[in-house]
Amino acid sequence: PPLYIQRYEFVIDFVKKNKPKKVVDLGCNDCTLLRKLKFHKEIELLAGLDIDCAVIRAKMYELAPIPTDYLQPGDHPLTIELYQGSVTERDPRTKGFDLVTSIELIEHLQLEDVDRFTEVVFGYMAPVAAIISTPNADFNPLLPGLTGFRHYDHKFEWTKVEFQTWALKVCREFGYVVAFTGVGQIPAQEESIGFCSQIGVFQIDRSGGDAPRLQNNVLYNVVYPSLCDSNIF
Ligand code: SAM
């Protein structure tokens with residue numbers, strides 16, 4: 001499947017395994033991921049936030065209940081909420097979520113706004129888990145005909161080391177652990193290049209005060225399934 005579908009499938013897979021009750025998709029665009037997530041019956045609150053009101057409105061009515069939602073209702077009612085807003089601003093509606101997703105969003109922010117995003121998501125929203133995806137610049141030489149960034153609106157594209165440096169700083173400052181993975185197959189000879197889209201799966205660190213919060217050399221480059229097999233919610 002195309003890369004954007006693989007990214008959505010990654011989130012859906014995480015949701016199936018971890019069964020979060022409250023999920024918010026930051027930079028939800030035309031609600032495509034939300035339309036897929038609404039079929040996961042454990043979710044009780046599904047929210048989307050985007051800075052662009054028009055893009056949210058474009059297909060938001062497709063989130064309305066369909067006949068099978070009435071014929072085969074889940075155990076809990078599902079509430080879907082869509083918010084216009086910026087990930088750089090503290091918004092009380094986005095607090096208290098089990099899972100925050102941010103798929104191909106951060107590279108659209110100026111670097112000083114990435115700092116705001118980091119504080120808003122991990123310091124203020126403080127979800128149990130967060131899935132953050134962004135292009136892997138190390139992969140760009142493998143993309144035919146690409147000169148410059150992958151999209152005209154990208155403000156930066158991080159190498160694996162740059163992304164992981166940011167992510168590990170997030171962990172140290174806000175008390176999370178992270179596993180690095182991605183989607184977009186690694187070419188056979190070029191494993192060190194990593195995935196086309198790199199993904200960090202953050203989970204709040206519940207190891208308490210005794211254990212060190214994050215040991216870079218232990219959690220660095222742990223691949224996603226090993227951390228996500230258990231139901232954490
Ligand atoms: N997450 C979707 C996906 O994976 O298909 C859309 C990704 S699209 C490349 C980036 C989205 O982020 C756009 O819908 C854009 O409007 C939104 N966005 C950009 N800056 C934002 C901000 N400061 N706050 C919230 N959303 C923002």
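Analyst: Contact here means heavy atoms within 4.5 Å. Note that this is a predicted model.

User: With that cut-off, which residues does Phe-202 touch, leaving out those up to four places away in sequence?

Analyst: Phe-202 belongs to the largest nonpolar core and is among the members that touch the most others. Its partners include Trp-166, Ala-167, Val-170 and Cys-171.

User: Which element gives the most residues to the largest nonpolar core?

Analyst: This core has 33 residues. At least two residues each come from β1 (22-26), β2 (45-50), α5 (111-125), β5 (129-135), α6 (160-174) and β6 (176-183). With 7 residues, the top contributor is α5.

User: How many residues does the second, separate core have?

Analyst: Phe-10, Phe-14, Leu-33 and Leu-34 are among the members of this second core.

User: Which residues lie closest to the centre of the largest pocket?

Analyst: The largest pocket has a volume of about 610 Å³. Its lining takes in 26 residues. Closest to the centre are Gly-27, Asn-29, Asp-50, Glu-104 and Leu-105.

User: Which element gives the most to that lining?

Analyst: Two or more lining residues of the largest pocket come from each of α1 (3-18), α2 (32-37) and β2. The highest contribution is 3 residues, and it comes from α1.

User: How many residues in the lining of the largest pocket are charged?

Analyst: The lining of the largest pocket holds 11 nonpolar residues. Another 7 are polar. The charged count is 8.

User: What is the volume of the second largest pocket?

Analyst: This pocket is lined by 14 residues, with Lys-41, Asp-69, His-76, Pro-77 and Leu-78 closest to its centre. The lining divides into 8 nonpolar, 3 polar and 3 charged residues. The volume of the second largest pocket is about 270 Å³.

User: Which residues line the largest cavity?

Analyst: The whole structure was searched for cavities of 30 Å³ or more, and 1 was found. The largest cavity has a volume of about 30 Å³. Its lining divides into 5 nonpolar, 2 polar and 2 charged residues. They are Leu-26, Leu-49, Ser-86, Val-87, Glu-89, Asp-91, Thr-94, Val-120 and Met-125.

Methods
Residues numbered from 1 in each chain as written. Predicted model: local features only at pLDDT ≥ 70, side-chain atom pairs only at ≥ 80, totals over all residues. Heavy atoms only, no water. Core = buried A, V, L, I, M, F, W, Y, C linked by side-chain atoms within 4.5 Å. Buried < 20%, exposed > 50% of the residue type's maximum accessible area, 1.4 Å probe, protein only. Helix = DSSP H or I, 4+ residues; strand = E, 2+ residues; numbered from the N terminus. 1 Å grid on protein atoms, 1.4 Å probe; cavity = no way out; pocket = protein on both sides within 12 Å on 5 of 7 lines; lining within 4 Å. Points joined across faces, edges and corners; volume = space filled by probe spheres on them. Nonpolar A, V, L, I, M, F, W, Y, C, P; charged D, E, K, R; others polar.
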